[in-house]
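Here is a short report on one protein chain. Look over the sequence and the model before reading on.

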Amino acid sequence: EGEGLLLEPNGRAAANVVALPDCDVAPERAVGLEAGLPVAGQFPRRLAEAGCRVLVPLLMDRRDTHSGNASIKMTNQPHREFLYRALYEMGRHVIGLELQKVLAAVDWFALRGGGEGVPIGVVGYGEGGLLALYAAALDQRIAAAVVSGYFGPREGLWGEPIYRNVWGLLREFGDAEIAGLVAPRALVVEASPQPSVAGPPAPSGGRAGAAPGAITTPDPSAVEAEWRRAERQWAGLGPGPAFRFFESDAAIGDAALAAFLEQLGAGGVTPAGAVPVAVGAAGDATAGAEARFKRQFDQMVGHTQRLMREGELRRREFWARAKGEDPSAWAEGCRWYREYFRDEVIGGLVPPSVPAGAQSRRIFQEPKYEGFEYRIGVHADVFASGILLVPRGMSAGERRPVVVCQHGLEGRPRDCADPSVDHK
């Protein structure tokens, strides 16, 4: 389920908006019920003050409070990484589940959120900006979107947190290509300071296992260059997309909000009103917030575990074409699985593009064999290397069987090929 806060205007809503703060900002803080966020950054509240109905979903954050099993082992993996690792095994993604929550909100708006004629928009910052961009690309019912503190070149995605890893993404899609999928609807991109993430939570009390990865703010010129690349995709086509680009020193400034509201036909930005106050049964605005977070986290974990339990039935269906009556039928049936494994699981590599140019040097000698360190060309600036063990007494041109031995994860060729290394 999705949970969060709903801000209802007094009167008919000018627009329906899904507002997505960065994942480390709780909905209460984003709307001003909890201290810690400047008024200028409380864009869900400001949209409500402009007459919009605003839904603020809870997102998984970068803490590690619940990452693990207290009876077995806890980790320092951010909640998003902890979920990513389990979901990845089941062909799912924390980004995908949260996108489904956003699109469920769009469903609700379209069916029950004020009737026909009320436009739908999505606004996001940081991790919320990622979701806003993807949601607008996926759902044509979203008339306008704002992406702040996220948009930019993705060639350095390998250095970002692992929970942003999407299988095969950069083969076809940078941010410019995803922005192109929003056209001809409205997209506002704001180059603003991105959430500063130096890495995962520091290991403490036995917690460890998180992947490295940082989030830094690219130069505004790099963000604009990616933006221009998106614009070029639609040059000369009509109607041209309603794309706008801004720079701001804070998350979602007045210019971006004004452009967004203009595209929705929802009037303009108004000065911030009085600080919201929780009333009625809510009492303390933050009461139950952590319980709600844990509930959302447990739902995602439980969903993943259910997929794993049901995996046995899915595997049975998947392997149905492998016939084991005789060796020839088995070999024929397995051909499809080999191709699937290559193309859909590990990814296929193109054939070598440079001559092998094999080089070697002797690194040790034993009574029955010699060891050589070797290097073989694969592509420009890419080579294969390892250790080659050759029996003594081989004559020139003699052919013998070859055994390929692969060292373990994080190991080295010497671990299993050098007799002087005492490795487990």
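Is Cys-52 buried or exposed? Cys-52 counts as buried because its relative accessibility is 0%. Buried means under 20% relative accessible area, exposed means over 50%, and partly exposed lies in between (1.4 Å probe, protein chains only). Cys-23 is also buried, at 4% relative accessibility. The structure holds zero disulfides, where a disulfide is a pair of cysteine sulfur atoms within 2.5 Å.

This is a predicted model, in which local features need pLDDT of at least 70, side-chain atom pairs count only at pLDDT 80 or more, and totals for chains, interfaces and linings use all residues. Residues are numbered from 1 along each chain as its sequence is written, and side-chain values use heavy atoms, with hydrogens and water left out.

**The whole chain**

The protein chain has twelve helices and twelve strands. Helices (H or I, at least four residues) and strands (E, at least two) are DSSP runs, numbered from the N terminus. Of the 424 residues, 40% are buried. The C-alpha trace spans about 90 × 60 × 50 Å along its principal axes. Take the contacts with a separation of 6 or more: residues 24 or more positions apart account for 67% of them. Contact means heavy atoms within 4.5 Å.

**The sheet**

Seven strands form an open sheet with mixed pairing. Their order is β1-β3-β2-β6-β7-β8-β9. Two strands pair if DSSP finds at least two bridges between them. The edge strands, β1 (4–7) and β9 (243–247), each pair on one side only. Neighbouring strands are turned by 15° against each other on average, direction ignored. Inside the sheet, β6 (residues 120–125) and β7 (residues 142–148) run parallel and are joined by six bridges. Val-123 stands opposite Val-146 in β7. Helix α8 (residues 220–233) lies across β8 (186–191) and β9, and runs at about 175° to β9. Axes are lines fitted to C-alpha atoms, for helices over the stretch in contact, and angles run from 0 to 180 degrees between N-to-C directions.

**Helices in contact**

How do α4 and α10 meet, and at what angle do they cross? The axes of α4 (residues 94–112) and α10 (residues 289–318) come within 12 Å and cross at roughly 120°. On the α4 side, the contact is made by Val-94, Leu-97, Glu-98 and Lys-101. On the α10 side are Gln-296, Met-300 and His-303.

Helix α3 (residues 79–89) has these buried residues: His-79, Arg-80, Glu-81, Leu-83, Tyr-84 and Leu-87. Their cover includes α4, α5 (127–138) and α10. Just after α3, Gly-91 takes a positive phi of about 75°.

Most residues other than glycine have a negative phi, and most peptide bonds are trans. Two residues that are not glycines have a positive phi:

| Residue | Phi |
|---|---|
| Asp-381 | about 70° |
| Glu-410 | about 65° |

Asp-381 lies in the loop between β11 (369–379) and β12 (382–391). Asp-381 counts as exposed because its relative accessibility is 81%. Glu-410 is found in the loop between β12 and α12 (413–417). At 72% relative accessibility, Glu-410 is exposed too.

Which residues does a cis peptide bond join? The bond links Ala-183 and Pro-184, with omega about 5°. Pro-184 sits in the loop between α7 (175–180) and β8.
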